[in-house]
Amino acid sequence: MSLDSLAKPEDGASGRLIDSPRELCGRLREYAQLGGLIEDVRGGRGAALVVRGEAGVGKTALLNHAVRSAARDFRVVRAAGVQSEIELGFAALHQLCGPFLPHVDRLPAPQRDALETVFGLRTGPAPDRLLVGLAVLGLLSRAAGECPLACVVDAAQWLDEASAQSLAFAARRLRTEPILMVFVAREPGPEFHGLPVFVVGGLPDADARELLSSLVRWPMDGQVRERFLAEVRGNPLELLELARGLTAELASGYQTLDVPPPSSQIERSFHRRVERLPEQTRRLLLTAAADPAGDPALVWRAATQLGIPADAAMPAAEAGLLTFGTQVRFRHPSVRSAAYRTAPLRDRQEAHRALAEATDQRTAPDRRAWHRAQATAVPHEDVAAELERSAGWAQARGGLAAAGALLERAATLTPEPARRVERALAAAQSKILAGAYAPASELLAMAEAGSADQLQRARVSQLRARLAFASNRDGDTPLVLLRAARKFEPSDADLARATYLDALNAALIAGRLASAGGSAPEVSQAARGMLGTSRPSAPDLLLDGLATHFTQGYEAGAPILRRALNVFGHGMSTDEELRRLWQACVTALHLWDDGAWERLSRRYVRLARDTGAFSELPSALGMRSCALLVAGDLDAAASLSEEEQAETKTAGSNVAPFGALCLSAIRGREDATFALIDIVAKQAVVDGEGIGITLTEWAEAVLCNGLGSYDRALAAAERGISYPHDIGISSWLRVELVEAAARIGVPERAMSALRHLAEAARASGTDWAMGIEARSRALLSKGDAAEPFYQEAVERLGRTRVRVEQARAHLLYGEWLRRENRRLDAREQLRTAYELMTAMGMEGFAERARRELLATGETVRKRTVDTANQLTAQEGQIARLACDGLSNPEISVQLFISPRTVEWHLSKVFTKLGITSRRQLRFALNTPERAGQATGQDLWRAGPTRPRSAAESISRPVRTHTE
């Protein structure tokens, strides 16, 4: 068959090739064509193919995936050409045919003798190659009689001539034998002429961009990206190698003076070719290599200043090393590297100086400053000042790491000691936020060595504590920051307040593990003298509100904290906002403000990603994951939790799996949750994160309440609130404590917790707080007095984003109605709870609801989410968003992936669920048992709304927060 007739992937997300692996981004067409050949062979028709392409283009990876998909019903044999064996006759043939030698006795005698001779199994004269080829065909045909056969020969350019001729002979004569023969080569030899050739080229531009984006952590300058993409020509291996060595500075378009020797054979080859060029051509190549953007106009302006004539480009073009078009394009990134490395330091500095003069200061001041710095070998204040002024441009171009690079270089070029300290401190601050802890430590050492006064030394101490908090938290960090804040009080009130807020932040994390004198109440007491300013900013209000809470109570601090959230972000720098977003999110949780929590957690992730603040990104992902979990979107929460763990590993950290623990507890997975509790508790002690210990108590309490193990839930909740200063989590623990105490008949053990919840509801006034308080009060009320509180809880929580708590309110109301022998009313509440919980994946609570439904006399089929459970976390998340009507571009914006990746995931979802369109998603994910009836799942998807109540006929006005 011809390649033109091979199967093509169908258009749209419901195409046939949805089982293609993600690694084959941009290779669906090639994958489909190989799949078509495999289907032909399955049908009994032989096929042969030569797969050709340059090194690193992905030939072998493509073939491996295609063959793997055939392995379930094919026998696969492989061979590979070896350069050192190219002179050994029939070496590769022996690799391929060795497994089939038991069949050799069934061949005609001449063919058998020929094969045994070439394989050294008998002695005799060298057989005719035609006879060997026939013997190979016969041997493979007999082996294929048992099942279809796939013969894959990699690196065919290194096959010995005898093997290549014999295998090509057999490949040309495949007719009705169920055999597929594939030869993979950079450039196939003449033996394979006449066989169908399939060329694997570079990735399409869009796919190369997507691959590069997935590999590079740093924000990448647009011009630099275009230059890299042009030079690698879509070669996946080269993209991988490029990404592996890409620093934040290079991604932003700033070169460094680090010039190591050539490291690879190809680089050494280019090195020699560059050295053979005329001098003026080498100078032109050096100038082009020193320009990060590949701007031909800029390069020629600089070349003119250097006196390089226009015809200097001709030898480089004739050698195929460099071309000038819309971009300056080197043949390969190694050519650029070789051009820079072959030049003496003096010439490199001269090139950078010319590029600086040729760069427009209005449109690219950071590039001009960087080139000036590269041209400067000794301290120079003008250059250092220009670098410092350009840091803002650098941050916009390449994030915090890029700004830190300019500030670091500014510090090293600053001649005056006091100013050098200031610049080193600014650089260290950017480096800490960017997650570059080792350079930050070196910069702090530089600043400490040059500190001339007490204020500078105190700022060094403050940043050292922040560095320790970001890289290796422990219980001493709050106390270190507290001491630094006290040192700032006499000389810099603003810096003192900021440092007190840092200390309070560290104290919240350290929790019960904070050193003596460094707990949140102790830090708040120390900061009282700095509270209250005439024109407070959002950070000022956070400090005032949190300190007031810890010294005067919830009701005193809540109004101040609400003001802080209302103005958060206004007039704040990006750095300051990033530093305070975790506290702002915790404050929203503390105030039971689900709207602010949603807004701020989303902002936290986006800002951390956009600025390359890798020290903050894991915390941002964890906070966002928690918000999604409480909203009932467990798939999305799981996806972000996985990303959080990946980020911490990339940064070399060992952060406890908090997100995985919370998810496991809400899902009701007992064994997994207790295993994670053990891991998190041990890691929390190592990291000095007492808040993690409290989180394990909450996880155990919510798990056991879901499973109906109320005595264990009560014990865990009481242990958790023994340290009452973990704001947010302590309130959640009180909720679990009330439910557990009510269920085992010891309401007196829950009255203190209820009083705290009532205080929060009065001060907060949100539907979330009021709904939780109403639900808790209902649990502790007797007789008919409970029902109005249950109704209020269902109504209020139905207006929030906290679907997990909404579902639990339906469950508790239904359980109460059943005990009151109102079975019909109970069934409606329990059915809603069961469907909500099943849709969200709250398996423990869902089973509890199912048992209650059975107790009402209703027949309940134990619903499963087998189809949904086949989906990965990200597939499930994308499916839910698509089900909500979002387009692929809208989903990509929300999940920070490309629309093509969304389409790829949706195609996988369609196959797993056995559907062909988005319209079928709603039913495929969880088909309602009663057509036409609103289900809990519909409520879950519909957003905040008032659900149906079984006792709506009982009219009772909803309380206000002042009652």
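**Exercise 1.** Determine where Trp592 is placed and whether it is buried or exposed.

*Solution.* Step 1: Trp592 sits in the loop between helix H28 (574-590) and helix H29 (594-611); helices (H or I, at least four residues) and strands (E, at least two) are DSSP runs, numbered from the N terminus. Step 2: Trp592 is buried, with a relative accessible area of 3%, where buried means under 20% relative accessible area, exposed over 50%, and partly exposed in between (1.4 Å probe, protein chains only). Step 3: The phi of Trp592 is positive, about 55°, although Trp592 is not a glycine. Most residues other than glycine have a negative phi.

The model is predicted: local features need pLDDT of at least 70, side-chain atom pairs count only at pLDDT 80 or more, and totals for chains, interfaces and linings use all residues. Residues are numbered from 1 along each chain as its sequence is written, and side-chain values use heavy atoms, with hydrogens and water left out.

**Exercise 2.** Carry out the corresponding analysis for Ala155.

*Solution.* Step 1: Ala155 belongs to the loop between strand S3 (149-154) and helix H6 (161-172). Step 2: Its phi is positive, about 50°, although Ala155 is not a glycine. Step 3: With a relative accessible area of 18%, Ala155 is buried.

**Exercise 3.** State which residues of helix H21 are buried and which are exposed, and explain how they are arranged around the axis.

*Solution.* Step 1: Helix H21 (residues 437-450) has 14 residues and reaches 20 Å from its first C-alpha to its last. This is close to the 20 Å expected at 1.5 Å a residue, the expected span being 1.5 Å times one less than the number of residues. Step 2: The buried residues of H21 are Tyr437, Ala440, Leu443, Leu444 and Ala447. They cover an arc of only 120° around the axis, so they lie on the same side of H21; the arc is that of the directions from the helix axis to the C-beta atoms. An α-helix has 3.6 residues a turn, so residues three or four places apart point the same way. Step 3: On the other side of H21, Ala438, Glu442 and Ala449 are exposed. Step 4: The cover over the buried residues of H21 includes helix H19 (391-412), helix H20 (417-434) and helix H22 (454-471).

**Exercise 4.** Describe the packing of helices H25 and H26.

*Solution.* Step 1: Two packed helices are described by the angle between their axes and the distance between the axes. Step 2: For H25 (residues 520-527) and H26 (residues 538-552), the angle is about 115° and the axes are 8 Å apart. Axes are lines fitted to C-alpha atoms, for helices over the stretch in contact, and angles run from 0 to 180 degrees between N-to-C directions. Step 3: H25 contributes Ala520, Pro521, Ser524, Gln525 and Ala527 to the contact, and H26 contributes Leu543, Leu546, Ala547, Phe550 and Thr551; contact means heavy atoms within 4.5 Å.

**Exercise 5.** Explain why helix H30 is described as largely enclosed by the rest of the structure.

*Solution.* Step 1: Twelve of the 14 residues of H30 are buried, so the helix is largely enclosed by the rest of the structure. Step 2: Among the buried residues of H30 are Leu617, Met623, Arg624 and Val630. Step 3: Just after H30, Gly632 takes a positive phi of about 90°.

**Exercise 6.** Locate Ala558 and identify what it touches.

*Solution.* Step 1: Ala558 lies in helix H27 (residues 554-567) and is buried, with a relative accessible area of 1%. Step 2: Not counting residues up to four places away in sequence, Ala558 touches Leu591 and Ala763. Step 3: Ala558 and Ser764 are 206 residues apart in sequence and 6.9 Å apart in space, C-alpha to C-alpha.
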